[in-house]
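The following exercises are to be worked with the sequence and the coordinates at hand. Each task is followed by a solution in steps.

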Amino acid sequence: MDPVQRQYEAYPYPARDPADEVKRLIEGSPSHPVEIDHYLFQGRRDWSEPFRALVAGGGTGDGLIMLSQKLSDIGCPAEVTYIDMSVASRRIAEARASARGLKVNFITGDLLSAPELGTFDYIDCCGVLHHLPDPDAGFRALAQALSPEGGMGCMVYAPYGRSGVYPIQDAFKTLFEGLPPEAKVAAAQAVLDNLPDAHPFARNQALGDHQTSHAGLYDLLLHSRDRAYTITEFAHALTRAGLGLVSVLGRQRYDPGDYDWSAGELGARLKELTPLQRLAVGEQLSGTIKTHIVYATQAGREDKAEARPTKPTLVPHLAGVDPRALAHQIHQHGGFTATEDGQNLSVNVPRAAAPMIARVDGRTPLGAIAAGQDWLAFSATWAPAHRALTSMNLLHYSTGARR
């Protein structure tokens, strides 16, 4: 048996109890229909039309359950397919779907077989490609399974925010070779309990999977096949597969122009960089980004996929924040602050946009939010608010989906 498959049979990841489905729905990025619409369909997809989705390497089902539940909630005639090589993981995902009464096509298999399943309007692939023997083959298979007008939400590991992980992985491979999984976990915990305080892993406050469950510890520090991608490497892998990068999520964290020194001569140098070079410099200077989450399309369509606030019929949605509370912050301070993996971010938003943001309820289109203002005047105020909030992945547009 492949060692990665053996791992996930012993420790399905992430650790989930299907009984918890009655208490909560785990939500995140990518793969929320509002996000999918925003980043891949210009915020204007007709969700009453059929929608084929593939969750490739679905594990215990977090992305699968969120996507399936949200599609069900809006009455979309969706066909959702799950594929994973771990039988143990599939059983948990199946039990979670059953608890919610969700219909999913479950397949035990390798995501390299995705093209044999037909083409899909959307593919979710999170935390998988970096574990394949040949990740490029995985990228190509997903690209081949993607419809010409479809798109993909994808996550891979990033190196700098995972500082300390790979030396420990290498040490554990040498120390624990031949041990069964349960013995590896016990031995790893003993080593971690005595890890020097100065070790980069001990100092990395962004990582906590090893503290939540045995499955989390194994996935983080005992994985037999694990690589990380810089944003440049990730973008190039997409390109080699015939895919185009639409957007990274959380663009603010990748923005080198967010620093105080980014004015004057250095600011001029930043303006000379390509978009990908800017992302790369931002990643290097942040040092805390531990995963890259992106939306991608077939090459050539990436510049036409993301929604722009150019039409009064677009409906804005805020993710995970109360519109009135956010509007109050902006009115008081001209923006807001946030912390991501220890990185403090200051987000400037024009105070004049605060009343507009307070009216964002996921149902009201931009034209009504403008409340009788001249559209050009409204757009001039809304545009910087749009840039700021989308840079934090807080603002999306979708006419038919909802939060």
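**Exercise 1.** Determine whether F41 is buried or exposed, and identify the residues with which F41 is in contact.

*Solution.* Step 1: the relative accessible area of F41 is 16%. Buried means under 20% relative accessible area, exposed over 50%, and partly exposed in between, with a 1.4 Å probe and protein chains only. F41 is therefore buried.
Step 2: F41 is found in the loop between α2 and β1. Helices (H or I, at least four residues) and strands (E, at least two) are DSSP runs, numbered from the N terminus.
Step 3: leaving aside neighbours within four places in sequence, F41 is in contact (heavy atoms within 4.5 Å) with I36, F51, D121, E149, G150, R301 and A305.
Step 4: for K103, 62 residues from F41 in sequence, the C-alpha to C-alpha separation is 24 Å.

The model is predicted, so that local features need pLDDT of at least 70 and side-chain atom pairs count only at pLDDT 80 or more, while totals for chains, interfaces and linings use all residues. Residues are numbered from 1 along each chain as its sequence is written, and side-chain values use heavy atoms, with hydrogens and water left out.

**Exercise 2.** State how many residues of α2 are buried, and characterise Q42, by which α2 is followed.

*Solution.* Step 1: the buried residues of α2 are P33, V34, E35, I36, D37, H38, Y39 and L40.
Step 2: this is eight of the eight residues of α2, so the helix is largely enclosed by the rest of the structure.
Step 3: Q42 lies in the loop between α2 and β1 (51-56). Its phi is near 60°, a positive value in a residue other than glycine.
Step 4: with a relative accessible area of 28%, Q42 is partly exposed.

**Exercise 3.** Describe the backbone at N393, and name the residues that a cis peptide bond joins to P14 and to P30.

*Solution.* Step 1: most residues other than glycine have a negative phi, and most peptide bonds are trans.
Step 2: N393 has a positive phi, near 55°. N393 is found in the loop between α17 (375-391) and β11 (395-397), and at 11% relative accessibility it counts as buried.
Step 3: Y13 is joined to P14 by a cis peptide bond with omega of about -10°; P14 is in the loop between α1 (3-10) and α2 (33-40).
Step 4: S29 is joined to P30 by a cis peptide bond with omega of about 0°. P30 is in the loop between α1 and α2.

**Exercise 4.** Classify the packing of α7 with α10, then give the angle between α11 and α13.

*Solution.* Step 1: α7 (residues 181-192) and α10 (residues 214-221) pack at an angle of about 80°, with their axes 10 Å apart. Axes are lines fitted to C-alpha atoms, for helices over the stretch in contact, and angles run from 0 to 180 degrees between N-to-C directions.
Step 2: α7 and α10 are therefore roughly perpendicular to each other, the class for angles of 65 to 115 degrees.
Step 3: P181, K184, V185, A188, Q189 and L192 of α7 meet H214, L217, Y218 and L221 of α10.
Step 4: by class, this contact has seven nonpolar, two polar and one charged residues. Ala, Val, Leu, Ile, Met, Phe, Trp, Tyr, Cys and Pro count as nonpolar, Asp, Glu, Lys and Arg as charged, and the others, Gly among them, as polar.
Step 5: the angle between α11 (residues 231-240) and α13 (residues 275-286) is about 145°, and their axes are 8 Å apart. The contact is made by I231, T232, A235 and H236 of α11 and L276, L279, A280 and E283 of α13; these residues divide into five nonpolar, two polar and one charged.

**Exercise 5.** Locate I369 and list the residues that I369 touches.

*Solution.* Step 1: I369 is in helix α16 (residues 366-369), and at 0% relative accessibility it counts as buried.
Step 2: not counting residues up to four places away in sequence, I369 touches P316, M356, R359, V360, T364 and F378.
Step 3: the C-alpha atoms of I369 and P312, 57 residues apart along the chain, are separated by 8.9 Å.

How values were computed:
Angles under 35 degrees count as roughly parallel, over 145 as roughly antiparallel, 65 to 115 as roughly perpendicular and the rest as oblique.
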